[in-house]
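These are my notebook entries on a single protein chain. I record what I looked up, entry by entry.

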Amino acid sequence: MQKLTILEKLHRLTLPPVLMTGVAVVTFIVETLLVDRKFAVFSGGFGQSKIIDAPGEWLCFLGGAVAMHALLFTMLYRILVWIHRKRPAGLLLRFNILCLAGAGFLGVLIGKFEVLSYFSDAVSFALIKSLGGGSIKQALLFGLYYGGFVVVGIGGAIAAYLVVLYWLAKRDPKLATIASPPVRWKQALITAVSVPALLYGANLSTDARYGNARYMAHNLAMTTLDQVTDFDRDGYSLFSSQIDDFPFNASRHPFALDIPNNGIDEDGVGGDLVIAPLPALMPTPQFKGARPNVIQVVFESMRGDVLGKRINGKPVAPNLEALAAGGSVRPAYSPVGFTAESVKAMFSGYTEPPFHSHSLFTDFKANGYRVGVFSGQAEHFGDIADALSSSDVADVFIDAEKLKDKRAYGHASLASVKLDERVLLDEFTARYGNAKMWTQPNFLYFNFQSAHFPYSHPGMKTLIEPNPIPRDEVGQANRAWVQSTYWNAVAQSDYALGLLIAELKQLGVYDNTILLVTGDHGEELFEHGFLGHGHILNRTQYQTVMVLSRPGYGGAAPIGLVDYRILVHHAVEGVPNPERAEPILLNIGALQAPGAIAMVDAHHEMTILHLDTKEVQIGENGSRIPMASVTGSAKRRVDQLITLWGRERWRHYLMHEAADKAGHGG
């Protein structure tokens, strides 16, 4: 047998089908590493509840992302072979497989994840605008300036490719190769039937669907099938994340607005929405008599079990506990478990209010108060300031966006920038450290950000944990270390609260000040294998605590953050706050199209409806039951939950429609 030369061996190892298979495998591995780094769909991580870890999920993953990646590269191979049909035997085909299929795919992939590293999943119009300081023109100039370097790099790569392509075209040898087999109609028919079937089956697993959607080939196939089967063009189809049960009726589809009392179940959940006419929006109050100062302090991610918490025998929040001892304490729940919507709810009294809504800021301004904002976060991120009109009416407006040079981190997106509490207190002292500033009543808002993930920043006090965990070591294996680091961050915010109270007392205004301290939501610290908030409907992630410096407003039954606005009105006027008449509504994601909804009753009992799978849980740890199988008292609870959600969606629609007509709907 004749011995093969090195060149002949290399030629056989790089036969176009073998080479394309290798390129497909390498690109899939790279994409998987990037997907898991960004979305943690296999390893889990902060803010990740959808993990591919069960056998059925792996099967759906193989039938979705893996199969579609293989199909994409098979199609690319056939296209390249067809393009090179006059010269299918040389280096030119191999070169183009590496460049167009391999490097091209990786270039698009890396570009996609580079964008996501700045903008997360969705590049919003408001976010792009905020990059330019509120100016679209400046934002575009900003993008063009930095994008110019990218364009130069791409241009250089294309030029190098064309030079090598020209050189190979002149010298490409006629080497033996295996041409791509012709496409036969039976193969095309099998592919046309099997691909939709595979994707439809893979779409049935929530976790696998979430993971598969992060892969380009799968997303391309699903987008195509989604458009093809959206027969009534209502945005939902046989392949959307929520399958359309009425594919030929544009007025009925998942998350369609259920119009009350019309006899039609537009969204397919729980029948027609039957509700009484909604009350008018809460009016701006006219405070009578003495007008005390009011200060509302928000601790980022403060859990509901903070009071009485001890770490190594040390109290986490001694100042908050002292305030609670002389005032009122109430468990409280965020409506959505994320900061922006939580802050909007607590100041406006509504879930997802439109731009320029009435809020506590406008209430106090209308009553002759000076308004001040001292926030460790960027108040324009998530449209907080725009929705609450806080920057419009504030006499003093300090936030992390304004004090860029004093941020805890030098480089960060608006979603994660923060100021140390001591920076805020210095700004407070500079503007309110004179007794003359208190001859007029003041309404102040402080936002303390220390307990924002990763729960530490340079210069943070080590009151509980002497060695805060480095970000790259955060994980389930270091659960206890993560928890002590988190509680140390809460302790820093509590320390700042103590400094604020001491200064108010020194100024002689504390006794005439109502102080409300709360969190915006809770935080899970790997108790159920999860780190973060707003992704799983449970007390750990959604519950916080409300502490008011005045007695008479506490109780064991929970309230919602949406109740704070009325509660503060009552506290100012010195009148009792009525008990909540109905459960508190919670949801994952946007109110109009959430992944799941829940209600919390007076005994903290949760009723959860998973809208993606139409399954019910009675109790946060209860088993999932198909909605169609629920009967008796459980069904009555589910019906009440659906009615609460439908009513809030209808209220949301009416508020935003009115705002749009007024010309300031955002």
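**Entry 1: the whole chain.** I began with a term: two residues are in contact when heavy atoms of theirs lie within 4.5 Å. Among contacts in the protein chain between residues at least 6 apart in sequence, I found that 69% join residues at least 24 apart. I note that the model I examined is predicted. I counted 19 helices and 17 strands in the protein chain. The chain has 666 residues, and buried residues make up 49% of them. I looked up the accessible surface as well, which comes to about 30,800 Å². Carbon and sulfur atoms account for 62% of that surface.

**Entry 2: helix 2.** I turned to helix 2, which runs over residues 16-39 and has 24 residues. From its first C-alpha to its last, helix 2 reaches 33 Å, close to the 34 Å expected at 1.5 Å a residue. I then asked which residues of helix 2 are buried. They are P16, L19, M20, V23, A24, T27, F28, E31, T32, V35, D36 and F39. Just after helix 2, I found A40 with a positive phi of about 50°.

**Entry 3: salt bridges.** Side chains of opposite charge can pair when their charged atoms come close. I found 18 salt bridges in the structure. In one of them, the side chains of R303 and E527 meet at 2.7 Å, N to O. This pair links distant parts of the chain, for its members are 224 residues apart. R303 lies in the loop between strand 1 and strand 2 (310-311), and E527 lies in the loop between strand 9 (524-525) and strand 10 (531-532). Are these two residues buried or partly exposed? R303 is buried, with a relative accessible area of 9%, whereas E527 is partly exposed at 27%.

I also looked up E615 and R624, whose side chains form a salt bridge at 3.3 Å, N to O. E615 is partly exposed at 22% relative accessibility, and R624 is partly exposed at 44%.

Next I examined R647 and E648, whose side chains meet in a salt bridge at 3.9 Å, N to O. R647 counts as buried because its relative accessible area is 19% and buried means under 20%. E648 is buried too, at 15%. Salt bridges that share partners join E582, R647, E648 and R651 into one network.

**Entry 4: D258.** I located D258 in the loop between helix 9 (216-229) and strand 1 (293-299). D258 is buried, yet it has no salt bridge. How far away is the nearest side chain of opposite charge? That side chain belongs to R649, and it is 6.3 Å away. The side chain of D258 does reach the backbone nitrogen of L273, at 3.5 Å. Leaving aside residues up to four places away in sequence, D258 touches several residues, including D265, E266, D267, R649 and W650.

**Entry 5: T544.** I found T544 in strand 11, residues 543-548. T544 is buried, with a relative accessibility of 0%. The side chain of T544 reaches the backbone nitrogen of G519 at 3.1 Å. Leaving aside residues up to four places away in sequence, I noted what T544 touches; among these residues are M302, R303, G304, T518, G519 and H521.

Conventions
Residues numbered from 1 in each chain as written. Predicted model: local features only at pLDDT ≥ 70, side-chain atom pairs only at ≥ 80, totals over all residues. Heavy atoms only, no water. Helix = DSSP H or I, 4+ residues; strand = E, 2+ residues; numbered from the N terminus. Buried < 20%, exposed > 50% of the residue type's maximum accessible area, 1.4 Å probe, protein only. Lys, Arg positive; Asp, Glu negative; His and termini not counted. Salt bridge = Lys/Arg side-chain N within 4 Å of Asp/Glu carboxyl O. Polar contact = N/O pair within 3.5 Å; in protein donor to acceptor, adjacent residues only side chain to side chain. Expected span 1.5 Å × (residues − 1). Areas by Shrake-Rupley, 256 points an atom, 1.4 Å probe, with all protein chains shown as cover.
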